[in-house]
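Thanks for asking me to look this one over. Here are my notes, point by point, to read alongside the structure.

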Amino acid sequence: MALEPEENKPLLLQDVLLRAGNETCADCGNPEPDWASLTLGVFVCQACSLLHRSIPHITRVKSVHETWDASEVELVAAMGNSAAKAKYEQKVPAFYYRPTHSDCKLLREQWIRAKYERNEFEFIEKQEPYSAGYREGFLWKRGRDNGQFLSRKFALSEREGALKYFNKQDARVPKAVVKIETLNATFQPAKIGNPCGLQITYLKDNSTRNIFVYHSDAKEMVDWFNAIRAARFHYLQVAYPGAGDEELVPKLTRNFMREGFMEKTGPKHTEGFKKRWFTMDDRRLMYFKDPLDAYARGEVFIGSKENSYTVLPGLPPSTQGHHWNHGITIVTPDRKFLFACETEAEQRDWIAAFQRVINRPMRPQEYAVEANFKHKP
């Protein structure tokens, strides 16, 4: 029997999936995507496929495990993830946050809508909300003392290198001026209790200050986030004139390395252990009475092993006053810090987070941070 000519063989979906670019999700990079958009011609993971379903007028998804007819296979074969990236992501600004599969739903959904629904990265003029260098608007901000969210006017100025907020609509003097230099922003929907919840942190008198905000409009909140990243990007370009984008972009914003409750005792190790909310932000370990407190009760600098910092499982034998049994001891050049976790898994994860920081050599500027650091009891 004569073999069928190669060009007459039907194109198989598995062959298309094996093409370069199609082995990861087109939107979040998750490996082995098992869904595809028949209208956009891209392969996506299950989580992103659910977000595609929220814009049915733009995209229609189908599982790769279903039966496909030849015309559907040809449709995705004609585009594919690499070609779609070249089209829909052709003008993504360097500072714009590209979410991964581990990011919150809000960031991933707005990334998908920005690409396919709003075509923001095909037309630069559509990027003005976050690339103009100035942004002004109202956000719901949590009060420092009463915990209520109230509408506050915010103004971000790249030229002034600051984010300001005002307690009254007609106020001329801002309640606070946050320097872009120490500003960070990270989405915290679960912690804040709102899908658009954003935590803004900055340094004030060498201590961390938290601001918790949200907006009812998802695009508005993500635009604020990327406007902050844009302002940080341009600040760093001036501060480090020889640095390239690949060096600056990781410094724009950062997620916290780890957060959660632990118990702690004071510097004499004779005080009773108290339950506190801990946040590991790069080399700063902060503790709060409540996760939404504006100020930390104290901060601990975590240096590197070359500078005599160590993390050990367990507590010294004579330690008393802790309710949780899974201890951690952090040894610094000044003193030992004692903590206790509720579960062994939490102890293991915290030790791993501390170890990652301790194993990383300190950068020159971190020595200045260490020297100025204030240990609070």
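1. The largest pocket in this predicted model has a volume of about 1,100 Å³. Its lining is made up of 33 residues, and those nearest the centre are Glu181, Arg254, Asp282, Arg363 and Val369.

2. Which elements give two or more residues to that lining? They are β9, α8 and α11 (364-372). Helix α11 supplies the largest share, with five residues. Sorted by class, the lining of the largest pocket holds 13 nonpolar, eight polar and 12 charged residues.

3. Now have a look at the open sheet of seven strands, which pair antiparallel in the order β7-β6-β5-β4-β10-β9-β8. Strands β7 (176-179) and β8 (184-187) are at the edges and have a single partner strand each, so one side of each lacks a neighbour in the sheet. From one strand to the next, the twist averages 35°.

4. Within this sheet, β4 (residues 134-142) and β5 (residues 149-157) run antiparallel and are joined by nine bridges. Here Lys141 stands opposite Leu150 in β5.

5. Helix α8 (residues 218-239) lies across β4, β5, β6 (162-166), β8, β9 (198-204) and β10 (207-214). The helix runs at about 120° to β4.

6. As for annotation, an unreviewed UniProt entry gives "domain: PH" for residues 132-233 and 255-359. In the model, residues 132-233 are 20% helix and 45% strand, with the end C-alpha atoms 13 Å apart. For residues 255-359 the values are 14% helix and 38% strand, with the end C-alpha atoms 19 Å apart.

How values were computed:
Residues are numbered from 1 along each chain as its sequence is written. This is a predicted model: local features need pLDDT of at least 70, side-chain atom pairs count only at pLDDT 80 or more; totals for chains, interfaces and linings use all residues. Side-chain values use heavy atoms; hydrogens and water are left out. Two strands pair if DSSP finds at least two bridges between them. Helices (H or I, at least four residues) and strands (E, at least two) are DSSP runs, numbered from the N terminus. Axes are lines fitted to C-alpha atoms, for helices over the stretch in contact, and angles run from 0 to 180 degrees between N-to-C directions. Contact means heavy atoms within 4.5 Å. UniProt positions are given in the numbering used here, feature names are shortened, and annotations may be inferred rather than shown by experiment. On a 1 Å grid over the protein atoms alone, a cavity is a set of points where a 1.4 Å probe fits but cannot get out, and a pocket is an open set with protein on both sides within 12 Å along at least five of seven lines; lining residues have an atom within 4 Å of a point. Grid points are joined across faces, edges and corners, and a volume is the space filled by probe spheres set on the points. Ala, Val, Leu, Ile, Met, Phe, Trp, Tyr, Cys and Pro count as nonpolar, Asp, Glu, Lys and Arg as charged, and the others, Gly among them, as polar.
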